[in-house]
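Please walk through this model with me, from an aromatic pair to a sheet and then to a loop.

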Amino acid sequence: MTLRNPCNKLRQLWFTEPDAFPENVTGFNKSSTSLFVEWQHIPRGHRNGILQGYRITYYPNKPYKAVKHKTVDSTKSSTTLSNLKKYTWYVIQVAGYTSKGLGPHPPRPLEIRTSEDGKSRDLV
């Protein structure tokens with residue numbers, strides 16, 4: 001006979017995606033083909049379950065360009081986006097996710113430009 005824990009079932013019903021976004025998303029260009037992005041973690045009370053990670057969505061700020069995604073572990077609060085186009089503006093959004101789905105992005109995306117060859121570190 002298997003005993004089931006009713007609390008586990010109740011917990012699964014209450015868990016949803018996060019209802020808040022990471023705050024203070026900032027970054028800078030590390031090189032002509034990479035950008036460093038960092039953020040503050042979603043507060044525990046707004047995670048609505050076990051935070052599995054963060055999804056970073058990024059794309060060149062030009063029409064009809066492919067959107068890319070990178071995921072990082074929930075313990076991380078920064079990442080480097082690599083293999084980007086030189087001297088190009090990128091739109092970057094960060095959102096947390098649980099097993100139930102993706103939470104919201106900040107209302108204003110971060111925009112950073114990769115540097116020209118030999119230059120770096122434009123803080124945003």
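**A buried aromatic pair, a core and a sheet**

Both W39 and Y54 are buried, where buried means under 20% relative accessible area, exposed over 50% and partly exposed in between (1.4 Å probe, protein chains only). This is a predicted model: local features need pLDDT of at least 70, side-chain atom pairs count only at pLDDT 80 or more, and totals for chains, interfaces and linings use all residues. Residues are numbered from 1 along each chain as its sequence is written, and side-chain values use heavy atoms, with hydrogens and water left out.

How many aromatic pairs are there? Rings of Phe, Tyr and Trp (its six-membered ring) pair if their centres lie within 6.5 Å; planes under 30 degrees apart count as stacked, over 60 as edge-to-face and the rest as tilted. By this rule there are 2 aromatic pairs. One of them joins W39 and Y54 and is tilted, at 5.4 Å centre to centre with 55 degrees between the planes. W39 lies in strand β2 (residues 34-40) and Y54 in strand β3 (residues 53-60), so the pair ties together parts 15 residues apart in sequence. Helices (H or I, at least four residues) and strands (E, at least two) are DSSP runs, numbered from the N terminus.

Now the core. A nonpolar core is a set of buried Ala, Val, Leu, Ile, Met, Phe, Trp, Tyr and Cys residues joined through side-chain atoms within 4.5 Å. The largest one has 18 residues, and V37, W39, I56 and I92 have the most contacts inside it. β2, β3, β6 (89-98) and β8 (110-113) each give it two or more residues. Take I56. Contact means heavy atoms within 4.5 Å. Leaving aside neighbours within four places in sequence, the contacts of I56 include W39, V72, L81, I92 and V94.

Next, the sheet. Two strands pair if DSSP finds at least two bridges between them. An open sheet of 3 strands runs in the order β1-β2-β5, with antiparallel pairing. β1 (23-31) and β5 (78-81) are the edge strands, each pairing on one side only. β1 and β2 share 6 bridges and form a hairpin with 2 residues between them. Here G27 has V37 in β2 as its bridge partner. β2 and β5 pair over 4 bridges, and F36 stands opposite T80 in β5.

Last, a loop. S82 sits between β5 and β6. At 39% relative accessibility, S82 is partly exposed. S82 touches T33 and S34, not counting residues up to four places away in sequence. S82 and S34 are 48 residues apart in sequence, yet 4.4 Å apart in space, C-alpha to C-alpha.
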